[in-house]
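Here is a friendly note to read alongside the model. Please keep the 3D view open and find each residue as you go.

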Amino acid sequence: MTSYAYDHPVILGPHCLRLTPRPDCYDSLIERTLSIFPKPSHLSASLENDGSISHWARFEGETKVFSVESKIRISLIKDKNPFDFLIYPESCLTLPMVYPQLVAREMRTFLMKDQVSALVRDFAFEVLAKAQGSCMDFLVMLSQRIKKDFVYESRPAGAPFQPEDTLVSQRGSCRDFAILYMSAAQSVGLAARFVSGYYFDENPQSPDLHAWVEVYIPGGGWRGFDPSLGLACGEYHIALATSAGAAGAAPIQGVFKGHAQAAMTLELEFN
């Protein structure tokens, strides 16, 4: 459950709630409830361009509390092999990536090669050299490199750091590592997008919202890689939302009117 407490009454604007697991991340949806306080005057579902489901809520009147509780029971895809796909055309087996013309047009939003700093580009091509140009080896080695050489720090709030800042400091949160991974992948011509969701294993200890990256591979589609854990994403990564940047994948996004300070609390539980 996510709760916001305001020290003075506020008027809530429309809010987008990206809290429903993307259908490709589970075998079946057993139960789904969404509880919101104050009760929305209007609530509707929206199919996003990545196939995920968001909900838009509109409110009336003032409040000093805003809370959202999402309860979900799903059946997982067992023994999901993240490498079980075909890369085609075969020219896409090697990097830098040259997408087929139609794919390149569709991926334009996620190709930010010209905006990558020289520092991040040099880092990416260093990894690419060790991968000997192999697309899949590069993606795996990049995630392992960040996991091995960088220090993870929990930072529950705030925008991601710039990728070059994370590269220099060699420390950051999962969203910082995701932005760095995205930038490095884009520097070698790969389309990449930011993912917010949940990660857990069979014996979850401290469940939390998590961030990772999906890269578009012709023949394989969008494939997840987690630089915080140094691995390709399998059945324990449950995506909620994706976007070309972190802000567009925020699980809860909205504004309020009023002169107030907000305090947020977040509670997650996996069973």
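1. **Ground rules.** This is a predicted model, in which local features need pLDDT of at least 70 and side-chain atom pairs count only at pLDDT 80 or more, while totals for chains, interfaces and linings use all residues. Residues are numbered from 1 along each chain as its sequence is written, and side-chain values use heavy atoms, leaving out hydrogens and water.

2. **The largest core.** Which residues touch the most other members of the largest nonpolar core? They are Phe-138, Leu-139, Leu-190 and Val-215, in a core of 48 residues. A nonpolar core here is a set of buried Ala, Val, Leu, Ile, Met, Phe, Trp, Tyr and Cys residues joined through side-chain atoms within 4.5 Å. Buried means under 20% relative accessible area, exposed means over 50%, and partly exposed lies in between (1.4 Å probe, protein chains only). In soluble globular proteins, nonpolar side chains tend to be buried together.

3. **Who builds it.** At least two residues of the largest core come from each of helix H2 (118-130), helix H3 (135-149), helix H5 (174-187), strand E8 (192-199) and strand E9 (209-217). H5 gives the largest share, 9 residues. Helices (H or I, at least four residues) and strands (E, at least two) are DSSP runs, numbered from the N terminus.

4. **Leu-139 and a second core.** Take Leu-139 and set aside its neighbours within four places in sequence: Leu-139 is then in contact with Tyr-181, Leu-190, Val-215, Ile-217 and Phe-225. Contact means heavy atoms within 4.5 Å. There is also a second, separate core of 24 residues, with Tyr-4, Leu-17, Val-68 and Ile-238 among them.

5. **H3 against H5.** The axes of these two helices, H3 and H5, come within 11 Å and cross at roughly 145 degrees. Axes are lines fitted to C-alpha atoms, for helices over the stretch in contact, and angles run from 0 to 180 degrees between N-to-C directions. On the H3 side, Phe-138, Leu-139, Leu-142, Ser-143 and Ile-146 meet Phe-177, Leu-180, Tyr-181, Ala-184 and Ala-185 of H5. Sorted by class, the contact of H3 with H5 has 9 nonpolar, 1 polar and no charged residues. For this sorting, Ala, Val, Leu, Ile, Met, Phe, Trp, Tyr, Cys and Pro count as nonpolar, Asp, Glu, Lys and Arg as charged, and the others, Gly among them, as polar.

6. **Two cis bonds.** Which residues does a cis peptide bond join? Phe-37 and Pro-38 are joined this way, with omega about 0 degrees, and Pro-38 sits in the loop between strand E2 (28-37) and strand E3 (42-47). Leu-95 and Pro-96 are also joined by a cis peptide bond, again with omega about 0 degrees. Pro-96 lies in the loop between strand E5 (62-75) and helix H1 (101-106).

7. **Two positive phi angles.** Gln-132 has phi near 55 degrees, a positive value in a residue other than glycine. Gln-132 is in the loop between H2 and H3 and counts as exposed because its relative accessibility is 74%. Gln-170 likewise has a positive phi, near 55 degrees. Look for Gln-170 in the loop between H4 and strand E7 (171-172); its relative accessibility is 36%, so Gln-170 counts as partly exposed.

8. **Two buried loop residues.** Not counting residues up to four places away in sequence, Ser-173 touches Tyr-152, Glu-153 and Arg-155. Pro-21, in the loop between strand E1 (2-17) and E2, counts as buried at 4% relative accessibility. With the sequence neighbours up to four places away left out, Pro-21 touches Tyr-26, Ile-72, Ile-238, Ala-239 and Leu-240.

9. **Asn-81.** This residue, Asn-81, is in the loop between E5 and H1 and is partly exposed, with a relative accessible area of 45%. The side chain of Asn-81 reaches the backbone nitrogen of Phe-83 at 2.9 Å.

Definitions and conventions. A polar contact is a pair of N or O atoms within 3.5 Å; within protein, one must be able to donate a hydrogen and the other to accept it, and residues adjacent in sequence count only if both atoms are side-chain atoms.
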